[in-house]
Amino acid sequence: MESNRREIEVMANLLGSNDLQADVNRTHFRKNNCLAINVIGSPGSGKTTLLEKTLPLLSAELHVGVIEGDIFTNKDADRIAVYKVPVIQINTGGACHLDSKMVSKVLPEFDWKALDLMVIENVGNLVCPADFDLGEAFKVIVLSIVEGDDKPSKYPVIFRNAQAVVLNKMDLEGLTDVNMDHMKRDIRQINPDIQIFEVSCRNGNGLTEWVNWLTQKAKDFKEFKE
Ligand SMILES: Nc1nc2c(ncn2[C@@H]2O[C@H](COP(=O)(O)OP(=O)(O)OP(=O)(O)O)[C@@H](O)[C@H]2O)c(=O)[nH]1
Ligand SMILES: [Mg+2]
């Protein structure tokens, strides 16, 4: 009993100190008029691919920076660097999610006067990143439809906390038994306000709607005056 209580206290302290640094990060993004988004999804759901497909479609007026979170490698940052945007890889060294301190350490590496949108790709994981605020304006989930239509109801926390979900790999719909109506119904039951995009990064379907929405969000953020 005693040890359980200590575990809960340690977790509460950890999340508390993460939230304090997240607020500092958020102030930094706000001060620089840069919309920061935290992209979360299972390994292989298509987070990096979505970014690869999104970057060329964004207006040249929108300047993007990227933070890539990964446990060990630089592979995702190498893929994004091809698109000539500033990108920094954070290796968590085993941790299953980014935290606000890790993000704060790389913020000085960017030229903030030149940025309108910061995309933070979290470590591939649908569970752990949900609890760790990085200071982002909002979270975006990338869920590949082949993961199964039961995933929103099995992992509701992240769906409750996100502003948008990209249902990716729609080109594979006919090859699986996924029921898209059930998937979307469950997502809306958890979060009626969430924006749902049905996308195939393979054939490009649905990308325009997603890109237009994201662009508008970045513009709104810039024009917002406190
Ligand atoms: N068929 C199909 N494959 C896709 C689509 N989007 C991504 N993929 C493939 O899915 C695999 C994983 O994509 P990634 O973008 O690396 O996934 P990720 O979420 O960034 O993975 P982690 O960073 O390891 O968590 C790659 O082989 C992609 O080519 C899609 O819309 N359709
Ligand atoms: Mg990736």
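**Pockets, ligand and cavity**

I'll start with helix α2, which gives the most to the lining of the largest pocket, with 3 residues. Before going on, please keep in mind that this is a predicted model.

How big is that pocket? The largest pocket has a volume of about 340 Å³. It is lined by 21 residues, and those closest to its centre are Gly 44, Ser 45, Gly 46, Lys 47 and Thr 49. Three elements supply at least two lining residues each: α2, which covers 47–54, β2, which covers 64–70, and α3, which covers 75–81. Sorted by class, the lining comes to 9 polar, 8 charged and 4 nonpolar residues.

Now the ligand. Where does ligand 1 sit? Ligand 1 sits in the largest pocket. There are 19 residues around ligand 1, and the ones that come nearest are Lys 47, Thr 48, Thr 49, Asp 171 and Cys 201. Lys 47 and Thr 49 were also on the list of residues closest to the pocket centre.

Which elements supply this shell? Both α2 and α3 supply at least two residues of the shell around ligand 1. By class, the shell holds 9 polar, 7 charged and 3 nonpolar residues.

A few contacts, atom by atom. The side chain of Thr 49 has an N or O atom 2.5 Å from an oxygen atom of ligand 1. For Glu 121, a side-chain N or O atom is 3.0 Å from an oxygen atom of ligand 1. With Arg 202 the backbone is involved: one of its backbone N or O atoms lies 3.3 Å from an oxygen atom of the ligand. Taken on its own, ligand 1 has 660 Å² of accessible area, and the protein covers 75% of that.

Next, the second largest pocket. About 180 Å³ of space lies in this one. It has 13 lining residues, and the closest to its centre are Leu 62, Val 64, Tyr 83, Lys 84 and Val 85. What is the class make-up of its lining? The count is 10 nonpolar, 2 polar and 1 charged. For the largest pocket, to repeat, the figures were 4 nonpolar, 9 polar and 8 charged.

Last, the cavity. How many cavities of 30 Å³ or more does a search of the whole structure find? The search finds 1. The volume of the largest cavity is about 80 Å³. The residues lining it are Ile 37, Val 39, Lys 47, Leu 50, Leu 51, Thr 54, Leu 117, Val 119, Glu 121, Trp 210 and Leu 214. Elements that give two or more residues to this lining are β1 at 35–40, α2, β4 at 117–121 and α8 at 207–223. Again α2 gives the most, this time with 4 residues. By class, the cavity lining divides into 8 nonpolar, 1 polar and 2 charged residues.

Conventions
Residues numbered from 1 in each chain as written. Chains lettered and ligands numbered in written order. Predicted model: local features only at pLDDT ≥ 70, side-chain atom pairs only at ≥ 80, totals over all residues. Heavy atoms only, no water. 1 Å grid on protein atoms, 1.4 Å probe; cavity = no way out; pocket = protein on both sides within 12 Å on 5 of 7 lines; lining within 4 Å. Points joined across faces, edges and corners; volume = space filled by probe spheres on them. Nonpolar A, V, L, I, M, F, W, Y, C, P; charged D, E, K, R; others polar. Near = heavy atom within 4 Å. Polar contact = N/O pair within 3.5 Å; in protein donor to acceptor, adjacent residues only side chain to side chain. Areas by Shrake-Rupley, 256 points an atom, 1.4 Å probe, with all protein chains shown as cover. Sits in = over half its atoms within 2 Å of the grid points.
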